[in-house]
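Let's walk through this structure together, starting with its pockets and moving on to its charged pairs.

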Amino acid sequence: MKIHPMKTKDMVVSFMKNVSIPTITLEGNVIERVTSCKMLGIFLTDDLSWNVHIDAIYNKAMKRIYMLSCLKFSGCSTEDIVMIYISIIRSMLSYAAPVWFSCLSSSQKCDIQSIERRALKIAYPNSDYNLAISKAGIEPILEHMNTLARDFFQSILNPESPLHHLIPEVIGSTYYTRNHSKPKYKLYPKTQRFGNTLIPYGLKNYMP
């Protein structure tokens, strides 16, 4: 595979202080160093946060919320408004949610939920959020994302999953709850950043 130097970006992920990392040169061209990049529809950043991604999907969703308002004003039915919201806004917000949902801050979760509140207020102007959710027959967006993350994590537990190797090995002993025992895994997150990622978070919260 030939790498095109003008279409290639360099992003350094490092939390070491006062470390100078040299630039990369390819065919006499210095590869541009960036702090974020978009890969398969997800924004990755050099600080491993999800701020850029959440800001991007929030702004994109807000533009589509305006479209819903225009459709409602033109006489679009409530059922169609809900269907359009689910199809082009909610699906975009929850894209790849298993990768990043467990890492979100409380304020980021509020931002995502505010999008759904606005959409359902357009569909059901005289109903509060909980009643609108019930009328629409959908799961609240944060619960929906949590369900997606849980289901994806539990699919990784299957030995036939191509990602099963990411699950750490089980150490001999188990700990017991009131109803059943659970295996202990050889995984010791040293930072909250790592502990909130899918595998450590799933082992703690999504085990069947």
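A pocket here is an open set of grid points with protein on both sides within 12 Å along at least five of seven lines. Keep in mind that the model you are viewing is predicted.

With that in hand, look for the largest pocket, which has a volume of about 560 Å³. Its lining is made up of 27 residues, and those nearest the centre are Leu 48, Trp 50, Val 99, Cys 103 and Thr 197. Several elements contribute at least two lining residues each: strand β6 (42–45) and the helices α3 (97–100), α6 (141–156), α7 (192–195) and α8 (198–205).

Now turn to the charged pairs. Side chains of opposite charge can pair when their charged atoms come close. The structure holds four salt bridges, and one of them joins Lys 9 to Glu 32, with the closest N and O atoms 2.4 Å apart. This pair links distant parts of the chain, as Lys 9 sits in strand β1 and Glu 32 in strand β4, 23 residues apart. Lys 9 is partly exposed at 45% relative accessible area, and Glu 32 is partly exposed too, at 43%.

Arg 90 and Glu 116 form another salt bridge, their closest N and O atoms being 2.6 Å apart. Here helix α2 (residues 78–93) is linked to helix α4 (residues 106–123), across 26 residues. Are these two partners buried or exposed? Arg 90 counts as buried because its relative accessibility is 6%, under the 20% cut-off, and Glu 116 is buried at 0%.

Definitions and conventions: Residues numbered from 1 in each chain as written. Predicted model: local features only at pLDDT ≥ 70, side-chain atom pairs only at ≥ 80, totals over all residues. Heavy atoms only, no water. 1 Å grid on protein atoms, 1.4 Å probe; cavity = no way out; pocket = protein on both sides within 12 Å on 5 of 7 lines; lining within 4 Å. Points joined across faces, edges and corners; volume = space filled by probe spheres on them. Helix = DSSP H or I, 4+ residues; strand = E, 2+ residues; numbered from the N terminus. Salt bridge = Lys/Arg side-chain N within 4 Å of Asp/Glu carboxyl O. Buried < 20%, exposed > 50% of the residue type's maximum accessible area, 1.4 Å probe, protein only.
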